[in-house]
Amino acid sequence: MRIILFTGKGGVGKTSVAAATALTAAEKGYKVIVISTDSAHSLSDSFDVSLSGEPRLIASNLWGQETEMSQTVTTHWKTIREWMAALLAWRGMEEIMADEMAILPGMEELANLLYISDYHDSSDYDLIIMDCAPTADTLRLLSFPEILRWWMEKMFPIGRSVSSLLRPVVLPILGVPMPTDEVFESAEQLYHKLDRMRTLLSNSNEASVRLVTNAEKMVIKETQRTFTYLNLYGYSTDLIICNRLIPGKVEDSYFDSWKQSQSKYHQMIKECFAPLPILTLPLFEQEIVGMPMLRVMGRTLYGDEDPTKVFFQGQAQKIQKENGYYTLSLALPFVTKGDVALMRNGDELIIQVGHFKRNIVLPYSLRELTVAEAKLDNSELVIKFEQDEKHQMSTHGR
């Protein structure tokens with residue numbers, strides 16, 4: 001089983017690349033399903049077929065799906081949503097509006113990712129391809145299981161106990177719809193599904209992210225940030241795809257400055273993302289729509305190579321013991337020491353890069369040790385643990 005997520009800045013062509021990869025893999029004999037997690041679905045436009053909330057066979061060995069909000073909520077969020085709608089209605093909001101407001105922003109995209117574990121466990125497919133939302137939305141969704149784990153482990157048991165005690169008193173007197181056991185069970189099931197998804201996507205032998213970019217400064221910068229955050233959360237990136245390079249055969253002088261600029265930034269991509277492999281795609285002579293053009297794109301991109309293979313496999317996080325102390329190393333490319341903040345809270349290590357943070361639950365071998373030093377060494381955050389209790393970690397990394 002392989003799981004491949006395609007993401008990139010909006011407009012770089014990630015949907016076309018995801019669709020072309022799916023078609024190429026299907027024609028090599030793999031059973032493939034490609035799913036759009038972007039609320040602004042364009043997968044059906046790319047294949048030039050109609051897709052719906054159920055998998056549809058669109059070519060031999062190839063199924064496509066564009067999930068529907070009502071179906072997704074019913075499957076993964078129904079009980080929680082009903083309680084939220086009741087709570088909003090109690091606060092005076094009209095019932096219809098409360099029902100709509102109970103659908104939280106990002107809920108659809110998040111629930112769509114749950115299809116990963118569903119299809120993985122069904123064993124109906126050899127390859128799952130996710131055409132993800134633009135990078136910022138994708139990163140928020142991929143970080144959600146980390147955030148939810150803290151709430152479920154620290155706050156959920158307290159909330160459930162308090163609600164059980166207050167429900168018999170508050171509901172009859174004030175009419176406040178306290179969450180029922182069914183709501184808490186639904187939340188717990190949702191958490192376990194998200195945690196299962198997180199486990200699958202963190203397995204670099206099965207899952208990887210492929211970043212689609214263009215040879216433009218702003219796009220490259222966002223791709224760099226995305227790669228950094230993927231490393232922060234422990235997700236493996238196995239390929240960078242540079243799309244829409246103007247071919248050398250285009251001799252019109254109007255494009256000379258564009259070709260020079262693209263050549264410069266293509267070289268920057270190679271330097272920035274080494275040792276990751278970089279594959280390129282030209283700006284084609286016509287729009288990439290329909291099976292014939294997707295087939296051309298897939299062959300141009302992968303040639304004779306198997307599109308399902310893991311093009312690069314690295315260890316995002318590693319622990320080593322040497323000279324009586326431990327080190328935990330985390331790859332954080334494109335980050336300076338002023339961008340990183342570290343905090344220690346019991347058996348958790350909190351790493352923050354910009355607006356994103358990750359809670360790492362330390363393994364048993366490190367929980368009783370003190371963080372003595374943290375430094376950036378060749379795009380790698382190296383954290384030193386030792387038994388010297390004089391060192392307490394509550395400040396920024398250096």
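Ile240 stands opposite Ile278, a residue of strand S8. Strand S7 (residues 237–245) pairs with S8 in the parallel sense, over four bridges. Two strands count as paired if DSSP finds at least two bridges between them. Helices (H or I, at least four residues) and strands (E, at least two) are DSSP runs, numbered from the N terminus.

This is a predicted model, in which local features need a pLDDT of at least 70, side-chain atom pairs count only at pLDDT 80 or more, and totals for chains, interfaces and linings use all residues. Residues are numbered from 1 along each chain as its sequence is written, and side-chain values use heavy atoms, without hydrogens or water.

**The eight-stranded sheet.** S7 and S8 belong to an open sheet with the order S3-S4-S2-S5-S1-S6-S7-S8. Its pairing is mixed. Which strands stand at the edges? They are S3 (56–59) and S8 (278–282). Each has a single partner strand, so one side of each has no neighbour in the sheet. From one strand to the next, the twist averages 25°. Helix H11 (residues 217–232) packs on this sheet and touches strand S6 (207–214) and S7. Its direction makes about 165° with that of S6. Contact means heavy atoms within 4.5 Å. Helix H12 (residues 256–273) lies across S6, S7 and S8. H12 runs at about 180° to S7.

**The four-stranded sheet.** A second open sheet has the order S9-S10-S15-S14, with antiparallel pairing. S9 (317–322) and S14 (370–376) are at the edges with one partner strand each, so one side of each is left without a neighbour in the sheet. Neighbouring strands are turned by 20° on average, direction ignored. Strands S10 (residues 325–331) and S15 (residues 380–386) pair in the antiparallel sense over six bridges. Tyr326 has Phe385 in S15 as its bridge partner.

**Helix pairs.** Axes are lines fitted to C-alpha atoms, for helices over the stretch in contact; angles run from 0 to 180 degrees between N-to-C directions. Under 35 degrees is roughly parallel, over 145 roughly antiparallel, 65 to 115 roughly perpendicular and the rest oblique.

| Helix pair | Axes | Angle |
|---|---|---|
| H1 (residues 14–27) and H13 | within 8 Å | roughly 85° |
| H11 and H12 | 11 Å apart | about 10° |

H11 is therefore roughly parallel to H12. Lys217, Ile220, Thr223, Gln224 and Phe227 of H11 meet Tyr265, Met268, Ile269, Cys272 and Phe273 of H12. By class, these are seven nonpolar, two polar and one charged. Nonpolar means Ala, Val, Leu, Ile, Met, Phe, Trp, Tyr, Cys and Pro; charged means Asp, Glu, Lys and Arg; the others, Gly among them, are polar.

H1 and H13 are therefore roughly perpendicular. Residues of H1 in the contact include Ser16, Val17 and Leu23, and those of H13 include Met291, Leu294 and Tyr302. The contact of H1 with H13 has nine nonpolar, four polar and three charged residues.

**Salt bridges.** A salt bridge is a side-chain nitrogen of Lys or Arg within 4 Å of a carboxyl oxygen of Asp or Glu. By this rule there are eight. Lys14 and Asp131 form a salt bridge at 3.5 Å, N to O. Lys14 lies in H1 and Asp131 in strand S5 (residues 127–131), so the pair ties together parts 117 residues apart in sequence.

**Confidence.** pLDDT is the predictor's confidence in each residue, from 0 to 100. The protein averages 81, and 74% of the residues score at least 70. Confidence is highest in H13 (residues 291–302), at a mean of 98, and lowest in H5 (residues 95–101), at 52. Residues 390–398 have pLDDT below 50; this stretch has 25 contacts in the model beyond near neighbours in sequence. Where pLDDT is low, the predicted coordinates should not be read in detail.
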